[in-house]
Amino acid sequence: MASHQIRHVAVHLLTPLLMCLGMGLAYLGAFHQPEPNHLAVAIVGDSPQVKVLAQTLKDKGGNALDVITVPTRDDAVSQLRHRDLAGAYVPDTDKPELLVAKAGSDTTAMAAEAVFGQVAGLQNAPLTVTDVTTPSSGDPTAQGIFFLLVALSIGSYGSVAAIGAAGAGLSMWLRGAIGLVTSLLVSLIGLALAGPVFHVVDHDLGAIWGMSWLYSAGVLTIGIGLHTFLKRWTTLALMVLFVMLNFTSSGGVYSPWLQNDFFGTLHHFWNGAGFVEGARSLLYFDSTGLGGRMASLALWLAAGVLLMIVAGLTEKRQATAQSAPRHAAPEPVGQAPSAETAMAAEEEMEEAVGV
């Protein structure tokens, strides 16, 4: 008896142990050693000296730096605001200047400052750093959007566990409707915290709310659809999709310019990056690139809806394939639940606490 219980415990410990392994691989793999990876920088000017400096920096930087020259300071500002550059250096013998866009990524701006701080140091001149963006009053590092993503994600995939465990007897369309309402509530909570409570978002609240709802609905529909096939393993799958791969590739902590190619590639189409970069584009960069990020969020939601349709059809086929309906006899009053009932309850509880 004891050996059976030990095996049962061991099987259920597999989920948290896999979570531990996955989180370690994802977070340490993405964040343990940030370093420039084709960091796009520019040097302002068109003189022979500027071109020599750019070529020298490129030769020394190798794959870490992509160095170009731009003719004027205004051109550099324009490319920074279009998010094509991480930094632009304006040479001057007395007061060299570095242009950055901290609202796009504070850590990327710091990396550019480290690169050109060495260049200015060779001239024994102090480097002036100029931010061409204006972060909101409650979010000077412009990383608050990332933490809003974390709140939306946990509220969304955590709700999947509750809907799957408590609503297993409901039809797929009804579970989908509950998921839609839940995503609305999650987005409103996120908006209240990011807006009037902490002032991370100080304008375009309606648009940010719409993006939050779109993101949350995508997570919930995918989760509800997956639950039909994965059951108690759904929470683990959602953590892989919307935590391990999502937070690490969102650009909220480090941009692709400071990550390896794997997470940099995910950044182009993953839904967390769609939300973070879309919100930044809207709030700080005059909506540059917003259309593509909104399209990615819509495609994730469409994938979730499609998955729910497939799951609903699968459930109908399974119900049709069953023999005559079986009605379970009620448990006698005062008698302990059957092992099967206890197992089902335990698995549902495991989903609910696996957030």
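1. Helices (H or I, at least four residues) and strands (E, at least two) are DSSP runs, numbered from the N terminus. By that naming, H4 is followed by Asn-124, whose phi is positive, near 55°.

2. The model is predicted: local features need pLDDT of at least 70, side-chain atom pairs count only at pLDDT 80 or more, and totals for chains, interfaces and linings use all residues. Residue numbers start from 1 along each chain as its sequence is written, and side-chain values use heavy atoms, with hydrogens and water left out.

3. Helix H4 covers residues 106-122. The expected span of a helix is 1.5 Å times one less than its number of residues.

4. Much of the H4 entry concerns burial, where buried means under 20% relative accessible area, exposed over 50%, and partly exposed in between (1.4 Å probe, protein chains only). Buried residues of H4 include Asp-106, Thr-107, Thr-108, Val-115, Phe-116 and Val-119. Their cover includes strands S1 (39-44), S2 (65-70), S3 (87-90) and S4 (97-100), together with helix H2 (48-61); contact here means heavy atoms within 4.5 Å.

5. The sheet is open and has five strands in the order S2-S1-S3-S4-S5, with mixed pairing. S2 and S5 (128-131) stand at the edges with a single partner strand each, so one side of each has no neighbour in the sheet. On average, neighbouring strands are turned by 25° against each other, direction ignored. Two strands count as paired if DSSP finds at least two bridges between them.

6. Strand S3 pairs with S1 and with S4. S1 and S3 run parallel and are joined by three bridges, with Tyr-89 in S3 as the bridge partner of Ile-43. S3 and S4 are antiparallel, also over three bridges, and Tyr-89 stands opposite Leu-98 in S4. S3 and S4 form a hairpin with six residues between them. In a regular strand the side chains alternate between the two faces of the sheet. In S3, Gly-87 and Tyr-89 point one way and Ala-88 and Val-90 the other, and all are buried.

7. S4 and S5 run parallel and are joined by four bridges. Glu-97 stands opposite Thr-128 in S5. H4 packs on the sheet, touching S1, S2, S3, S4 and S5, and its direction makes about 45° with that of S1. H2 lies across S1, S2 and S3, at about 170° to S2. Axes are lines fitted to C-alpha atoms, for helices over the stretch in contact, and angles run from 0 to 180 degrees between N-to-C directions.

8. Helix H5 (residues 144-166) and helix H11 (residues 271-284) have axes that come within 10 Å and cross at roughly 140°. That makes H5 oblique to H11; angles under 35 degrees count as roughly parallel, over 145 as roughly antiparallel, 65 to 115 as roughly perpendicular and the rest as oblique. Residues of H5 in this contact include Ile-145, Phe-146 and Leu-152, and those of H11 include Phe-275, Val-276 and Leu-283.

9. Helix H1 (residues 2-31) and helix H8 (residues 234-244) pack at about 10°, with their axes 11 Å apart. H1 and H8 are therefore roughly parallel to each other. Among the residues making the contact are Leu-18, Met-19 and Tyr-27 of H1 and Leu-236, Met-239 and Val-243 of H8.
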